[in-house]
Amino acid sequence: MRVAFLGLGIMGRGMASNLVKAGHAVSAWNRTPGKQVENARIASTPAEAAEGADVVWLCVSDTNAVESVLFGEDGVEPQLREGSIVVNSSTISPSATREFAERVRAGGADFVDAPVTGSKVAAESGQLVFIVGGAEATIERIQPLFSAMGKTVLRMGDVGMGQSAKLAQNLMTSVIFEAFAEALTLATKLGVQPESLLALIQSSMVRSGVVDYKAPLVLRRDFSAHFPMRLMFKDIRLMLEAAKETRVKLPALETVSEIYELAMEEGQQDLDYAATLTLLEKWAGVEVRGAAAS
Ligand code: NA7
């Protein structure tokens, strides 16, 4: 298929590269020039990338970025035609997703929301999980592209449902990590070694994928961005907005959100969201340090 891939950030670059490896003709674009994908054509605007494409795939940071790439100056919209498909893998607002889809559908193309769960490593190795909203027949048509980039496609319903489910899932990620960080901080203050606490967690029913992934990094005090704090905070804001729109109360998430705000005020936005631990440590006057970091 002819695919325009827009946004070559931490996730997008690996995704575009896997499309090329699977034999698709990829025309890629990134806002800041200079990013390359081997054997892809690099376009200088979203419109140029989308020219003649069967599918336009987006992976940019937020709702505003999606809007400007689709409908802004040199955006994709004029290039869309009957039968072409826009797929958005950026995590953005569910209600804005429905508006964007309506506008795209009015021109005869179709729209699928397909945010992902999985790390940078999963993006590079084609192991992402896609959380999808859209028409079944359209999703079927782009199955080869999903297969090139991911291991699982979970359809949640019509347009917007992929984003809604992704936000609910990321709510758990942020709150589970926060619980882990608080447990580490309290245990350290009480004199328990982090490795000992971890052995207990991993042998008990609180074991989780979040802890499996983050614990080795945290114990080495490696806070480099696998998922930058600014993007998790963006998602937390989207969750709280969606909750407000639908009159849902999320007290645990509201507290987590305050911790992120303070951590970002301290300049941690480009570190991994795991760096929120350092704020708890500061308040407690301890540092969680595994043997590997000493
Ligand atoms: P990154 O690595 O921060 O990459 C973000 C990408 O979005 C990057 O290519 C940016 O281009 C691009 N971007 C940001 N703002 C804009 C605007 N306004 N217009 C066009 N392009 C823009 O994020 P990830 O790859 O980790 O994540 C991407 C999405 O997946 C995000 O929604 C996550 O929550 C999930 P730049 O290079 O800065 O010019």
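**Helix packing, domains and ligand shell**

Analyst: Ala181, Glu182, Leu184, Thr185 and Lys189 in α8 meet Leu277, Leu280, Glu281 and Ala284 in α13, where two residues are in contact if their C-beta atoms, placed from the backbone, lie within 7 Å, and where helices are DSSP runs (H or I, at least four residues) numbered from the N terminus. By class this contact has five nonpolar, one polar and three charged residues; Ala, Val, Leu, Ile, Met, Phe, Trp, Tyr, Cys and Pro count as nonpolar, Asp, Glu, Lys and Arg as charged, and the others, Gly among them, as polar. Residues are numbered from 1 along each chain as its sequence is written. The model is predicted, with local features needing pLDDT of at least 70 and side-chain atom pairs counting only at pLDDT 80 or more, while totals for chains, interfaces and linings use all residues.

User: Why are α8 and α13 called roughly parallel to each other?

Analyst: α8 and α13 (residues 277-284) pack at an angle of about 30°, with their axes 9 Å apart; the axes are lines fitted to C-alpha atoms, for helices over the stretch in contact, and angles run from 0 to 180 degrees between N-to-C directions. Angles under 35 degrees count as roughly parallel, over 145 as roughly antiparallel, 65 to 115 as roughly perpendicular and the rest as oblique, and α8 and α13 are therefore roughly parallel.

User: What makes α8 oblique to α10?

Analyst: Helix α8 (residues 161-189) and helix α10 (residues 209-219) pack at an angle of about 55°, with their axes 10 Å apart, and this angle makes α8 oblique to α10. Thr173, Ile176, Phe177 and Phe180 in α8 meet Val210, Val211 and Lys214 in α10, and by class that contact has five nonpolar, one polar and one charged residues.

User: How do you know which residues belong to the shell around the ligand?

Analyst: A residue is near a molecule if its C-beta atom, placed from the backbone, lies within 6 Å of it. In this model 20 residues surround the ligand, and the closest are Gly9, Ile10, Arg31, Thr32 and Ala65. The elements giving two or more residues to this shell are α3 (63-71) and α11 (229-245), and the largest share, four residues, comes from α3.

User: What domains does the chain have, and how far apart are their C-alpha centres?

Analyst: The domain assignment gives domain 1 (2-158) and domain 2 (164-293), with bounds that come from an automatic or database assignment. Their C-alpha centres lie 29 Å apart, and twelve residues of domain 1 are in contact with twelve residues of domain 2.
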